[in-house]
Amino acid sequence: MRLFSAAVTAMALTLGATSAMAAPIEIKFSHVVAENTPKGQMATKFAKLVAERLPGKVEVKVFPSSQLFGDNKVLEAMLLGDVQMAAPALSKFQKYTDSLQLFDLPFLFKDMAAVERFQSGPVGQEMLTSLESKGLVGLGYLHNGMKQLSASNPIKVPADVSGKKFRIMTSDVLQAQFEAVDAVPLKKPFSEVFTLLQTKAIDGQENTWSNIYSKKFYEVQPYITESNHGVLDYMVVTSAEFWNSLDDDVRAELKKALDESIAYGNKIAAQKAEDDKQAIIDSKRSEVIEMSPAERAQWVTAMKPVWKQFAGAIGQDLIDAAEASNQ
């Protein structure tokens, strides 16, 4: 009887161990935007590819629209192991590295082609490693697009924003950008922007066509100026502890699936920028204003000193390399 009991116990332990070993690795992918945005579709694509290629080994669960964490908290949560992947805006990494503030500099990149050239080049790729000393691993850049200015009043020249309150992400560069034109920048979570605009607690905000459309900011902002004054991109990131704990073959397959998903998301981002801009125009809820070259020149003159202000922290060599990508 004892032998039988021992055998049953041993079998139970073996089955339990096997079951534990068979449990798939769970990746919680947290982001703050809607599922129909380029980032949302990229994350969904990644989850699908992983399910196809690593069935039973890895399971990706996507949590959009700040369901788990906002961008201001997600990196801390990642270091604690509460989430395994995220794609915060590049502005959100200021706490961990100064170099990524480069992407917040106003009027640095003339278009998304220049952004792509820089990010895919040696300097941009090296910047992905700038977080490793803080326990984070950059896995790739995801585009959203060029930023536009929306407001409760028409905006054409810097004087039009004087004294106006604009929501910004947590970024000293973005704060300096608006202060350079005598506006009042307020650091607020992305999830609160619509309500802040609707209640007129703020006068305006800066964002891409995709975010302005998907989050319905255009419904509560009568004017949008096509300024293309900055870029809103993200970095897909994970914790070094989690990434290095994976088997080599699993890690390689995840990176391959992620690269494909990012390329997919970036293709969508380019198309959505055009489609969502047109959808906003067609809605007639918000007037889209175009700047003349002379008007744009006023903004560049007013904001370009911000480059020099942050050159010491970011690195003049990085700024020069980014500016060269415009040629």
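## Questions on a mixed sheet, its cores and its spaces

Guide: Leu-149 stands opposite Glu-206 in β8. This is a predicted model, in which local features need pLDDT of at least 70 and side-chain atom pairs count only at pLDDT 80 or more, while totals for chains, interfaces and linings use all residues. Residues are numbered from 1 along each chain as its sequence is written, and side-chain values use heavy atoms, with hydrogens and water left out.

Visitor: What makes β5 and β8 a pair of strands?

Guide: A strand is a DSSP run of E with at least two residues, a helix a run of H or I with at least four, and both are numbered from the N terminus. Two strands pair if DSSP finds at least two bridges between them. Since β5 and β8 share 4 bridges, in the antiparallel sense, they meet that rule. With 3 antiparallel bridges, β5 and β9 (residues 223-226) meet it too. Thr-225 in β9 is the bridge partner of Leu-149.

Visitor: Which strands stand at the edges of the sheet, and why are they called edges?

Guide: The sheet is open and holds 6 strands in the order β7-β6-β8-β5-β9-β11, with mixed pairing. β7 (184-187) and β11 (287-290) each have a single partner strand, so one side of each lacks a neighbour in the sheet. From one strand to the next, the twist averages 30 degrees, where axes are lines fitted to C-alpha atoms (for helices over the stretch in contact) and angles run from 0 to 180 degrees between N-to-C directions. β6 (residues 165-168) and β7 run parallel and are joined by 4 bridges; Lys-165 faces Val-184 in β7.

Visitor: How do you know that helix α6 packs on the sheet?

Guide: Contact means heavy atoms within 4.5 Å. Helix α6 (residues 172-179) touches β5 (148-151), β6, β7 and β8 (204-207). The direction of α6 makes about 155 degrees with that of β7.

Visitor: Why is Leu-197 called buried?

Guide: Buried means under 20% relative accessible area, exposed over 50%, and partly exposed in between (1.4 Å probe, protein chains only). Leu-197 has a value of 2%, so the residue is buried. This residue belongs to helix α7 (residues 193-198). Beyond four places in sequence, the contacts of Leu-197 include Ile-202, Phe-217 and Val-220.

Visitor: What makes a set of residues a nonpolar core?

Guide: The members are buried Ala, Val, Leu, Ile, Met, Phe, Trp, Tyr and Cys residues joined through side-chain atoms within 4.5 Å. The largest core has 58 residues, and Phe-166 is one of those that touch the most other members. Another core, of 37 residues, lies apart and includes Met-78 and Trp-307.
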